[in-house]
Amino acid sequence: YDCRDDTLWITDSTNNKVYNIQTDGTLVSSFGEAAIETCEVTTGWTKVQNASTPIQSATHKQGTYSVGLGKSGTLSTLFWYYKDLASQYNLTGSNVYVWVYITDVTKLAIASAIKIVFSNGGVPEYYKWYARADLSNGWNKLGGNITTDWTATGSVDLTVVDYLAISFYAD
């Protein structure tokens, strides 16, 4: 089983710009989306439950690498990862996407296969679930407008988002 997470993008539909994060941490405007996590390195990704240690993978959507995520234990079908982001991001009204590479979609649970979470500190959160039927082998662009397409638990301050998590449920 192998899932790969590459780049997270935010679309700024109001200003129609793309922001690329430079190595010095500055944002450079480009095409209408902003990468808030490029997944070039495994630094900062924390594994939880039956998750394997994140690896740097040459399979990538953009850039040079991606972060390879996978399952290592047998005690549970759940495994997940989280990352405290280097900066706070204002996601209010933004289209938020995560690229996920799936090697074998049949190894994911049928009903609740992947959950993606954004928050400011972990809980409350904005999340989006994907069933196996929503996914395919290869690259999957997951997300949508965080205000209308994602579900909120509690009162999330979307102006200071600094946390990303991705959960996988194996079959």
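Trp139 has a relative accessible area of 23% in this predicted model, so the residue counts as partly exposed. Tyr101 falls in the partly exposed class too, because its relative accessibility is 24%. Buried would require a value under 20%.

A pair of aromatic rings is described by the distance of the centres and the angle of the planes. The structure holds 7 aromatic pairs. In one of them, Phe79 and Phe168 are stacked, with 5.1 Å from centre to centre and 15° between the planes. Phe79 belongs to strand β8 (residues 78-89) and Phe168 to strand β14 (residues 161-169), so this pair ties together parts that lie 89 residues apart in sequence. Both Phe79 and Phe168 are buried. The rings of Tyr101 and Trp139 have centres 5.1 Å apart and planes at 70°, so their pair is edge-to-face. Here too distant parts of the chain are linked: Tyr101 is in strand β9 (residues 95-102) and Trp139 in strand β12 (residues 138-145), 38 residues apart. Trp80, Tyr82 and Tyr163 form a cluster linked by ring pairs.

Two lysines lie over the faces of tyrosine rings, as the table lists.

| Lysine | Ring faced | Distance from ring centre |
|---|---|---|
| Lys115 | Tyr127 | 4.9 Å |
| Lys141 | Tyr97 | 4.5 Å |

The remaining points concern strand β11 and its partners. Of the 6 residues of β11 (residues 125-130), 5 are buried, so the strand is largely enclosed by the rest of the structure. Strand β10 (residues 114-119) pairs with β11 in the antiparallel sense, over 6 bridges. Within this pairing, Phe118 has Tyr126 of β11 as its bridge partner. The hairpin of β10 and β11 has 5 residues between the strands, and Gly121 takes a positive phi near 105° there.

Strand β11 is also joined to strand β13 (residues 151-153), by 3 bridges, and these two strands run antiparallel. The bridge partner of Tyr126 in β13 is Ala152.

Key. Residues are numbered from 1 along each chain as its sequence is written. This is a predicted model: local features need pLDDT of at least 70, side-chain atom pairs count only at pLDDT 80 or more; totals for chains, interfaces and linings use all residues. Side-chain values use heavy atoms; hydrogens and water are left out. Buried means under 20% relative accessible area, exposed over 50%, partly exposed in between (1.4 Å probe, protein chains only). Helices (H or I, at least four residues) and strands (E, at least two) are DSSP runs, numbered from the N terminus. Two strands pair if DSSP finds at least two bridges between them. Rings of Phe, Tyr and Trp (its six-membered ring) pair if their centres lie within 6.5 Å; planes under 30 degrees apart count as stacked, over 60 as edge-to-face and the rest as tilted. A charge sits over a ring if NZ of Lys or CZ of Arg is within 6 Å of the ring centre and within 35 degrees of the ring normal.
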